[in-house]
Structure formats: C-alpha cells, structure tokens
Amino acid sequence: MSLSCFELGEQMLSVDAAREALMTLVASPVATEQVALSSAFGRRLAEDIIAPIDVPQNTNAAMDGVALAWPKAPPYTTHFPIVGDAFAGQAFAGEVPAGQCVRITTGAPIPRGTDTVIMREQLIDDGASATIDAPERVTAGQHVRQAGEDIAKGSVALAAGARLDAARMGLVASLGHAVVTVYRRPRVAIFSTGNEVTPPGGPLPSAGVYDTNRFTLMGLLAEQGAEVLDLGILPDDLDAIETALASAATQSDLVITSGGVSVGNADYTRAALEKLGRLAFWRVALRPGRPMACGQLGATQTPLIGLPGNPVAVMVTFLQFVVPLLRQLQGLPPTPPPRLKAIAQTTLKSRLQRTDFIRGVYHCDAQGTLHVRSTGAQGSGILTSMVAANCLIELGDDQAGAQPGEVVCIQPITSWQ
C-alpha cells in the first residue's frame, strides 16, 4: 500500500515515489453526468459503450460496380445481365438469380444471392449487361464488407475512461448514441500571489514581473479537459489569500499553486494553507523542479498541489504529477507519461540520484529511427526551451548524462492525452 504524502517526512523523494504518494490525495473520481454527444469532445467516458448493432449493420459493397455470385470454379462467366440496382440506403428487393448481377454503389447492402463486387473500372457496361474486362484478376468475395466486421453487436466498442476525440466521437455516433455518460470535468482552482505580479496588458513596474504561470496552467489544464477556476492575482495579504483558498476548497476538485510556499518573510500563502488544511513539503530529486507541497484543504479535504515557481519547472512538474492526478480524478489509472526510445544527437548533462528532464526536439529518420537533441540552454526560467521542444528527454536517477549515439528515453509532449 502506498504511503500518503503526509507520511514521507523531509526525505528526498524519487519522481516515481512522489507521483505514487500524490495519488493518495484522491479518494474517488469526480461525479458523472450525461451530455449530448455534440458537446462531448474531450470528455472521458464513465461507462463502456456497448454496440447495440453490428457495424456495418449489413454486409455491403466496398466499391461502386456490380454485385454477383462469382463461380466457385472455372470456367468463369464474364457476361452478366443487369437485373436491378442497389444504392446506399436503398437495398435491392429479392434475390439475384445465378448468372445475373445488380449495379451497386459503395455502402449499399449486398443483395441475396451475391457474394462478390466487381468494381466499375473492371467492367464494360452497355446498359443492359456487364462484361468483366479481366476475370483472371477477380477473387471470390472481393470488395465486400461483412456485417459486424468493424464492431460486433454486444461488444465493447469503447471502454470507460476513453477520451472522446474526433475519431471516437464518430464511432459513438455510428452506433446511434446521441447522449453519453462522462465524468464531470475536474474543477481546478489556480491563482498567482504577490504584489509584484502584474497582469499582461498593462505597463510593467520597475520591480514587477508579468503573471506567467497562471496562463501556462490555464493552457495545461485545458489540454487535460479540466475546468479552470481562475482566482486571479492575490495580494500579499494573509486574510485575502485565506478567504480565496477557503472559497476555492468548496468549489473545486483540486487547487494548484506555483511558488509562494517557501519560508520567506512575505510568504503569506504557506501560512494560509497551513491554517486551512493539512500540508506536507517535499524535496523531489528532479530538475527542473525539486521543491513541492501537497495537502488537503478545508472540511472537503480538497487536494492541493504546490508546484515550483519557475515557469519551466511548473510545466515539467505538472506533466509528471498533475496529469496522473487528473487521470485518477476521471476514473483512470494514474499512469506516468508515455515514453519512447531515441538516439541522442547532443551531449546531455545530468547527475546520479536525480532525474533530469531536458527539453528536446526529436525526429524520425528515413529508416524509422528516432533521434533527439537538446533545445539548448536549460535554465528553469527559460520558457522558450519549452516552446521549442516537442519532447522531454528523461535521464533517470541512475544516469550521469548521455553522449551522442547513446539511446535515451523521451516523453513526447503531444502524446499526453
């Protein structure tokens, strides 16, 4: 059984140990709801989708041409009288006699008595009959889609937890479902703190900084299908921060902070958090990142994650820790990010007993081998390194860097869905 985040003390944690402990903050998934399929893009299914019909419903034509019964052995007939038509949505009535054929369009049900479709390009059609141009190239049963060959009636078409992307929405629609049962979007409260933090769009004071992390978190949360409760910028005032957090704890499923949980003289966030709930503070053996907080707020025991303050560290720790937590809130296993193997093109610096996440760019060569290089300077405040990256190069705590030509592990950023 995993230790909770409150039982780990001040020890230095590995990335895997920290991820596992964070998952103990979530006791159960969020509630479920029914929504119209037209509004369900990006949502997670809360129930299996069971096919009420075969897909396709009927054995049908995969090509335009004629449908006929192909002889099982030579000599092959090449000339077939046309006795009717079968169109998509309009089946041929009756059975096609042996030695005759029916014009057919793609998707139309295969008439009784036929088993093969000859595509139009292989035919000479004089209006009353069809002659096959190259019978030696015909195979019995060709260009026919069998009923249920895509999805069989009664089978699980999509499992609970599946994210409804464009392809899955089309699949659900093909089964006739207009309404789906999904998990409610997790509500996540975020805020920035500090009298020096300035909203974009206005002049920057000489001692100020523009609010960056709140907008980064908005984007990251939107990509994960979460609903953002934006508390804006809170001043360095204990009462204001405490009031905002107490309200957030009753309205959200998760609260995320970035920075502001140190022991500085102006650190009111930590004092408010400790007053409202139960907190733990960790050191995690990773770069960028390391200092983190976690806990629960108020009587609702709303989970809290305190991410580091540097912009790149916010993104890296979000992807390693918050994404699995959001998955668990939506009834999914809190699996770590997907990984691939690639060959390093540049020297990659790391050190033992710490996991380094280096921003990288990977590509596939003509032989199908993945190669990866660093984006350059790797400071935790260099946000352009994330803009340029399409992956994180993960150097585990047992690796003291990597040299060009060595195989390394990468986490493609675009695959975290």
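Predicted model: local features only at pLDDT ≥ 70, side-chain atom pairs only at ≥ 80, totals over all residues.
Residues are numbered from 1 along each chain as its sequence is written, and side-chain values use heavy atoms, with hydrogens and water left out.

Let's start with helices. The names used here come from DSSP runs, with helices being H or I runs of at least four residues and strands being E runs of at least two, numbered from the N terminus. Find helix α1 (residues 15-22) and helix α6 (residues 311-329): their axes come within 10 Å and cross at roughly 30 degrees. (An axis is a line fitted to C-alpha atoms, for helices over the stretch in contact, and angles run from 0 to 180 degrees between N-to-C directions.) That angle makes α1 roughly parallel to α6, because angles under 35 degrees count as roughly parallel, over 145 as roughly antiparallel, 65 to 115 as roughly perpendicular and the rest as oblique. On the α1 side, the touching residues are V15, A18, R19 and L22, and they meet Q320, F321, P324 and L325 of α6; contact here means heavy atoms within 4.5 Å. Sorted by class, this contact has six nonpolar, one polar and one charged residues. For the classes, Ala, Val, Leu, Ile, Met, Phe, Trp, Tyr, Cys and Pro are nonpolar, Asp, Glu, Lys and Arg are charged, and the others, Gly among them, are polar.

Helix α6 has another partner. The axes of helix α3 (residues 213-223) and α6 come within 11 Å, crossing at roughly 35 degrees, and this crossing is right-handed. Here α3 brings N213, T216, L217, L220 and L221, while α6 brings P311, V314, M315, F318, L319 and L326. What classes do the residues of the contact of α3 with α6 divide into? There are nine nonpolar, two polar and no charged.

Now look at α4 (238-251). With helix α5 (residues 268-276), α4 packs at an angle of about 50 degrees, their axes 9 Å apart. The two helices α4 and α5 are therefore oblique to each other, and their crossing is right-handed. In this contact, L238, I241, E242, L245 and A246 of α4 meet Y268, T269, A271, A272, L273, K275 and L276 of α5. That gives nine nonpolar, one polar and two charged residues.

On a 1 Å grid over the protein atoms alone, a cavity is a set of points where a 1.4 Å probe fits but cannot get out; a pocket is an open set with protein on both sides within 12 Å along at least five of seven lines, and lining residues have an atom within 4 Å of a point.

Of its 19 lining residues, D253, T300, Q301, T302 and P303 lie nearest its centre. Both α4 and β22 (302-307) supply at least two lining residues each, and the largest share, three residues, comes from α4. By class, the lining has eight nonpolar, eight polar and three charged.

Most residues other than glycine have a negative phi, and most peptide bonds are trans. The bond from V55 to P56, though, is cis, with omega near -5 degrees, and P56 sits in the loop between β3 (49-50) and β4 (60-61). The bond from R287 to P288 is cis too, with omega near -5 degrees; P288 is in the loop between β20 (286-287) and β21 (291-297). Finally, H143 has a positive phi of about 55 degrees although it is not a glycine, and its place is in the loop between β10 (129-132) and β11 (144-145).

Note on methods. Left-handed = near helix turned anticlockwise from the far one by under 90°.
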